[in-house]
Amino acid sequence: MHKLKNLPYSYNALEPYIDEETMRIHHDKHHQAYCDKFNLALENYPELRKKEPEELLKNLDMIPKEISVAVKNHGGGFVNHNFFWNILGKRSESGPKGVLREEIEKTFKNFEKFKEEFGNSALALFGSGWVWLVLDGKNLKVMETKNQDSPLSLGQKPILAIDLWEHAYYLKYQNRRADYIQAFWNIANWERAEELFTEAKK
Ligand code: MN3
C-alpha cells in the first residue's frame with residue numbers, strides 16, 4: 001500500500017500565498033483520494049504494488065489495460081502532488097542561484113522571460129492540469145499536461161510545477177488564476193529545483 005506522506009511543512013506555512021484551509025483540503029482530501037484510488041487500482045496486482053509509482057508512470061504501456069487509466073489518473077495525481085508539496089515552501093525571491101539559473105538564462109534569455117513563459121502557459125491552460133519546467137533530454141522547456149498526466153510518462157524530468165486545478169486555488173483566489181500564479185513565485189522552492197536539475201542532468 002502506498003501511503004500519503006505528511007506535508008514537509010505546516011498547513012499554514014505558505015500563508016498568505018496559499019491559505020491553510022486550501023492546503024488542508026488539497027492534501028488531506030484531494031491528494032488522499034488519489035492515493036486511495038491508486039491503491040485500489042493496484043489491489044489485485046501485487047507485483048505492480050512493489051514498484052515505485054514513478055516507475056509505473058514511466059512505463060504506462062506495460063500496465064495491464066484494465067487498470068492503465070486508473071494508474072495514469074490516480075497514480076499521476078498521487079505522484080504529481082508528492083512533487084508539488086516539495087517544490088513549494090522555501091521562499092527565495094530572487095529565484096535559482098546556481099547551475100539552474102545559468103541554464104534558465106541560456107534557454108529563456110533571462111529569469112524574467114522564463115517566468116513570463118511559464119506564467120503565460122499557466123494562464124492559458126484550458127481545463128484542469130499542470131504546467132511544468134522539465135528537462136527534455138538536455139534542454140529545459142515549459143510544458144503543460146492535462147488532468148493528472150505526468151511528464152514522466154512522456155520521458156520528461158520535472159524540475160518545477162504549478163497545479164492549475166481549481167481545487168489548488170479557488171477558495172482564496174476564485175476566478176483570479178493570474179493572482180495565484182503571481183503568488184506562486186513567492187513560494188517556489190528554488191533550492192529544491194536546483195537539486196532536481198542537478199540530479200536530472202546526471
Ligand atoms: Mn491538486
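1. Strand β1 (residues 129-136) pairs with β3 in the antiparallel sense over 6 bridges; two strands count as paired if DSSP finds at least two bridges between them. Within β3, isoleucine 162 is the residue that stands opposite valine 131. Helices (H or I, at least four residues) and strands (E, at least two) are DSSP runs, numbered from the N terminus.

2. Please keep in mind that this is a predicted model, in which local features need pLDDT of at least 70 and side-chain atom pairs count only at pLDDT 80 or more, while totals for chains, interfaces and linings use all residues. Residues are numbered from 1 along each chain as its sequence is written, and side-chain values use heavy atoms, with hydrogens and water left out.

3. The open sheet is formed by 3 strands in the order β2-β1-β3, with antiparallel pairing. Its edge strands are β2 (139-146) and β3 (157-163), each of which pairs on one side only. On average, neighbouring strands of this sheet are turned by 25° against each other, direction ignored.

4. Helix α4 (residues 65-87) lies across β1 and β3 and runs at about 85° to β3, whereas α5 lies across β1, β2 and β3 and runs at about 80° to β2. Contact here means heavy atoms within 4.5 Å, and axes are lines fitted to C-alpha atoms, for helices over the stretch in contact, with angles from 0 to 180 degrees between N-to-C directions.

5. Lysine 106 is found in helix α5 (residues 99-108). Lysine 106 counts as exposed because its relative accessibility is 67%, where buried means under 20% relative accessible area, exposed over 50%, and partly exposed in between (1.4 Å probe, protein chains only). Although 33 residues separate lysine 106 from asparagine 139 in sequence, the two are 9.8 Å apart in space, C-alpha to C-alpha.
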